[in-house]
Amino acid sequence: MTYIPGIFLLTLVLSGPTWAFLTRSNGPDHISISRMALIQKVTETCQAVAAASGHEFKTTGSSPVELVQACLGPTATGDVSGAKFKSALQEIYTQNGLVDRDFVNSAPHHFNSEAFAEGRGLIIEGLVAINANIRKENFQAARETLGRVLHTLQDFYSHSNWVELGNTEPYINLMRLDLPLENLTDVSTATCKDCASGHCPNPILPNILKEKKLTSGYMGILSADKPKGKCSHGGAGDLTSSAEPRGGISKDEPNSDNVDFHNAAVKAATAASLQLLEDIRVAAGDNNFLRMMGIARSSVVCFVIDTTGSMSQDIQEARTMVYKIIDSKKGTQDEPSEYILVPFNDPEYGPMIRTRDPEKMKSEINKLTASGGGDIPEMCLSGLLLALTGAPDSSDIYVFTDAVAKDLYLKDTIKALISSTKSTVSFFLTDPYRRRRRSVNDDSLGDYRDLALASGGQAIHVSKSQLPQATDIILDTSTSALVTVLQRERNPGKQETFPFMLDESIKHITIYITGQSITFTLTNPAGVMQNHNEPSGKLGSINPVGNLWRIRLNDDNIKGTWKINIISNQPYTLKITGQSTITFIYDFVERFGGPHPGYAVLSGHPQAGQPAILMLSVIGRKGSSSVTVGDVSLVTVSGPETVRNSTTTDMGNGDILVTVDAVPEGEFVVSLKGTDNVSGSSFQRQSTTQMSVSKVNIKAVADSSMQPGKTFNLPFSVMTQVSDGLYSISARNDKNFPMSKPPSLNLTTGQYANSSVTITPPANTPSGSDVTVTLDAKSSSGADSNYIVLRFSVVTKTTDFVRPVCEVVNVQADDCPHDVSKCKPFQWKFAATLSDGDGTGVANVSLRQGSGNLTTSLLSDPIIKANYTASCCSQIVELEAVDKFGNVGKCYHSIVRSAGPPTLPASLLLWLCLLMSALTV
């Protein structure tokens, strides 16, 4: 069947059918199958890491917070947020669901129309990309590809006759290009009998079943044509199901005639998903697998630092702050999971330095020196662009500079990336000295203020001597459980009272006010007051520096509604943060329909003139059931304040569909109020990233990987809801790969105009690199615009699909007693050889099972010798060898003499508890 690119079918999909395991509130679907497999594999991996570290994997419950806490182990103290883990899961689920929208007419993506070789090709290609991305620590790209691969793999069991043939185990050949696809039905062989009712228990012909021939249903969205005698997919949207043989063999949902086959397909799809995840885990290693899944102590600490001539003092303060973060947070849940450093000068900027090693971060920041930058502005936004595309989503990024930005043409791109990544950007702006240059006192400070406000960050303006006092904000925000209670801006300034609610779970509350000529009074729920000229009072400590007021509340008796009254005729911002595991994540979405309806995450502004729809997930201290959601609203940050309330629908698993009919004009944020059922106290939370609506719509699909040295074509479409006209098109990527694009498009109201951009990764681009592409369409007046942000993997074409081979050479276990209770004084030995034949070579050999000692010869040797020695009490050994493309070979041996299996190292009861938690995460 002809494949029509997904972008040109988006309009069709928004009103027409798509196909897969159907989303149902009372049964398995793609999301629940993926959730079950992911939670089980994360749990197994955490158990293995705990065992290797010598501590017990012990969870107090099944919520994301409790699972992450158990995974990170008992050595680190303090609160830990489950938001990153939940967000990682949501990214995978989202990409899984988008296969039904973006590839609706692609038979290989769904194993329709007997496209077995092509479908397997997508799975193999995806696995190669995932393994390459993980090796380069591009975990978001790996997650996005994983979601799509899981969908295609799961569809095989629903859309083919695999389970009708009596198979109960996964079809391993779908993930092994070195194994043939066997017994496929050719195109001229009939496979189904006619089913006039459309609901027959098993319409597959008896000879197909007897001969174990593999087939799948043909699917027609645009045409009823199919080869003579072939099975159809089935369902109201499949045009081929009305052509004889009628009916269909899809097991997407249980009906009275196929419930057993549906259940068998779900079981096989779940087992296959687990198998695929295990292959990825082995190739990646346990720690990187957990990093891909968002299991990390804290957010990333990212510094973007101006290294021009007048920045010596600022660089020294950034260096001091890095040392303070590393030394003060070591061994706690707030210890950063990664450090990122991006220097910029003029005209150079970068490279971006990423490390998990705190000592390496100290070393790298020690290398920075101040020099150059002879003219006035510097390449600040270019450095910030590298940080936004290189750091994980929802990172805190700190920019140090004393100059205006030379590259203000990147401002729209930076805003798009801030909105897409939900990262927070704060600027530390100091006055220059020793050389004449334009100061950040100029109007350009407004550009930094705009970007900070758009992200939920702050623009802090201090003298160089005051900078050490201002940077305490970095210590405040370097925590894994940071939440925002309230953020507002007033421009022009005015007197206003801001109420805010603090709950029992929140602690370390800090209030930040930026602006000039400010006075304020803070009032607690009991009516006790403290004003701006009381540095140390009954409510907390107040520290002014530059244009920043930092108020740290005392942690006692905070629950209830507080008020802060601010007086100023100058522009000011207010931000209130704290530390709590009660939080939420969200995305603006649009609905697409069909037998498998869903919600696609928007990668730009929501459309004006339509209700705004959000998918919101609430994370409580004991799971989603431990909080009760009250009001979800869209609130303008800049005055006059406008609040737009919503209607909500509980989608299950902690997900809430939010619909706002009347969207505020201008920039707005998401506000959530509810009740913490653990303590009974009311809570208030707010998103940090600002959003607005647009009358321009731009669509594009990341449907495949790029290859080094080859030009990649990216189609896109733009539509406007307002008057016809010329719209300028901008396109950028964070790696500076050569690109071509149309300078503009002439749009007709209500009609999509189609075009494309080309991108050519250099031939020496490392496999596994990712590139972030930002497309922007803007009206000639500049009054309206929209954007889309896409992430692509750059992957070298793979020719090595052969797994390393392991051969047992020698086993010496005669000394082990038959009575296992007497095993302790005795040892046994195991020897094997490992090789990769004509492949790329073995990259890693590890011990998957066994508690003994493993040694190997050099991995560069053509034949690697592995020697293993263990106590006779440890009676199983399993070695795993991974080659340089991620192919995994295994070697297993057991000296167990008894009839029964060895005792499992993990508690079965605990495992079952965590497996059930898949239904609540």
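Q: Is serine 517 buried or exposed?
A: Serine 517 is exposed, with a relative accessible area of 58%. Exposed means over 50% relative accessible area, buried means under 20%, and partly exposed is in between, using a 1.4 Å probe and protein chains only.

Q: Before we go on, what kind of model is this?
A: This is a predicted model, where local features need pLDDT of at least 70, side-chain atom pairs count only at pLDDT 80 or more, and totals for chains, interfaces and linings use all residues. Residues are numbered from 1 along each chain as its sequence is written, and side-chain values use heavy atoms, with hydrogens and water left out.

Q: Thanks! Where does serine 517 sit?
A: Serine 517 is in the loop between strand 9 (507–515) and strand 10 (519–523). Helices (H or I, at least four residues) and strands (E, at least two) are DSSP runs, numbered from the N terminus. The phi of serine 517 is near 55 degrees, a positive value in a residue other than glycine.

Q: And what about the phi of asparagine 736?
A: Asparagine 736 is not a glycine either, yet its phi is positive, about 60 degrees. You'll find asparagine 736 in the loop between strand 27 (725–733) and strand 28 (739–740), and it counts as exposed at 56% relative accessibility.

Q: New topic: which residues does the cis peptide bond with omega of about 15 degrees join?
A: That bond joins aspartate 346 and proline 347. Proline 347 lies in the loop between strand 2 (339–344) and strand 3 (353–355). The peptide bond from asparagine 491 to proline 492 is cis too, with omega near 10 degrees.

Q: Let's do helices. How many residues of helix 14 are buried?
A: Eight of the eleven residues of helix 14 (residues 411–421) are buried, so this helix is largely enclosed by the rest of the structure. Among the buried ones are Ile414, Leu417 and Ile418.

Q: What covers them?
A: The cover includes helix 13 (380–390), strand 5 (424–430) and helix 15 (445–455), along with strand 27, strand 31 (769–779) and strand 32 (785–794).

Q: Which residue follows helix 14?
A: Lysine 422 does, and its phi is positive, near 60 degrees. Lysine 422 also lies over the face of tyrosine 586, at 4.9 Å from the ring centre. A charge sits over a ring if NZ of Lys or CZ of Arg is within 6 Å of the ring centre and within 35 degrees of the ring normal.

Q: Which residues touch the most other members of the largest nonpolar core?
A: Leu146, Tyr157, Leu276 and Met293 do, in a core of 56 residues. A nonpolar core is a set of buried Ala, Val, Leu, Ile, Met, Phe, Trp, Tyr and Cys residues joined through side-chain atoms within 4.5 Å. Helix 9 (259–284) is among the elements giving two or more residues to this core, and helix 9 gives the most, with ten.

Q: Last one: how many aromatic pairs are there?
A: The count comes to 19 aromatic pairs. Rings of Phe, Tyr and Trp (its six-membered ring) pair if their centres lie within 6.5 Å; planes under 30 degrees apart count as stacked, over 60 as edge-to-face and the rest as tilted. The rings of phenylalanine 111 and phenylalanine 156 have centres 5.2 Å apart and planes at 75 degrees, so this pair is edge-to-face.

Technical notes
Contact means heavy atoms within 4.5 Å.
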